[in-house]
Amino acid sequence: MGLKKKQELLKTIPGIAEVGSLYLLLATKGFTRFKNWRKFACYCGIGSFEYSSGTSIKGRNRVNPLADKKMKSLLHLLALTSIRHDPELKLF
C-alpha cells in the first residue's frame with residue numbers, strides 16, 4: 001500500500017488532518033519503522049518506566065528524555081480532538 005493511500009486512510013480518523021497524517025507517516029516510515037506498538041510508545045514517550053537505582057531507591061515513573069516530544073504532543077492533541085468530535089469516544 002502506498003503512502004498516499006495510507007495518508008487518505010489516516011485522514012478518515014476524526015481529528016487527523018493533513019499535518020498529523022504526514023507527521024505520523026514520516027516519523028514511522030509508513031508504519032514500518034517499529035515492530036510493535038510498545039516500541040512506538042517508547043519512541044513517542046508515552047510508555048513510562050519505573051525509575052530505580054539499585055534495589056532500594058525507587059522513584060516515580062519517568063519518560064526517557066530522548067523521546068520524540070513533538071510526536072507525543074501531536075498524539076495528545078489528536079486524542080483530545082477525537083474525544084471532542086466522537087460521542088462514543090467521549091463516553092469511553
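This is a predicted model: local features need pLDDT of at least 70, side-chain atom pairs count only at pLDDT 80 or more; totals for chains, interfaces and linings use all residues.
Helices, taken here as DSSP runs of at least four residues, are numbered from the N terminus. The phi angle of Phe 31 is near 65 degrees, a positive value in a residue other than glycine. Its relative accessibility is 44%, and Phe 31 therefore counts as partly exposed, given that this class lies between the limits of 20% and 50%.

Lys 29 belongs to the loop that joins helix H2 (18-28) to helix H3 (37-44). Here, too, phi takes a positive value in a residue other than glycine, near 55 degrees. Lys 29 is exposed because its relative accessible area is 57%, and exposure calls for a value over 50%.

Helix H4 (residues 69-85) packs with H2 at an angle of about 140 degrees, and the two axes lie 11 Å apart. The pair is therefore oblique, because an angle has to be over 145 degrees to count as roughly antiparallel. The crossing in which H2 passes H4 is left-handed.

On the H2 side, the contact is made by Gly 20, Tyr 23, Leu 24 and Ala 27, which meet Lys 70, Met 71, Leu 74, Leu 75 and Leu 78 of H4. Sorted by class, this contact comprises 7 nonpolar residues, 1 polar residue and 1 charged residue.

Key. Residues are numbered from 1 along each chain as its sequence is written. Side-chain values use heavy atoms; hydrogens and water are left out. Helices (H or I, at least four residues) and strands (E, at least two) are DSSP runs, numbered from the N terminus. Buried means under 20% relative accessible area, exposed over 50%, partly exposed in between (1.4 Å probe, protein chains only). Axes are lines fitted to C-alpha atoms, for helices over the stretch in contact, and angles run from 0 to 180 degrees between N-to-C directions. Angles under 35 degrees count as roughly parallel, over 145 as roughly antiparallel, 65 to 115 as roughly perpendicular and the rest as oblique. A crossing is left-handed if the near helix is turned anticlockwise from the far one by less than a right angle, and right-handed if clockwise. Contact means heavy atoms within 4.5 Å. Ala, Val, Leu, Ile, Met, Phe, Trp, Tyr, Cys and Pro count as nonpolar, Asp, Glu, Lys and Arg as charged, and the others, Gly among them, as polar.
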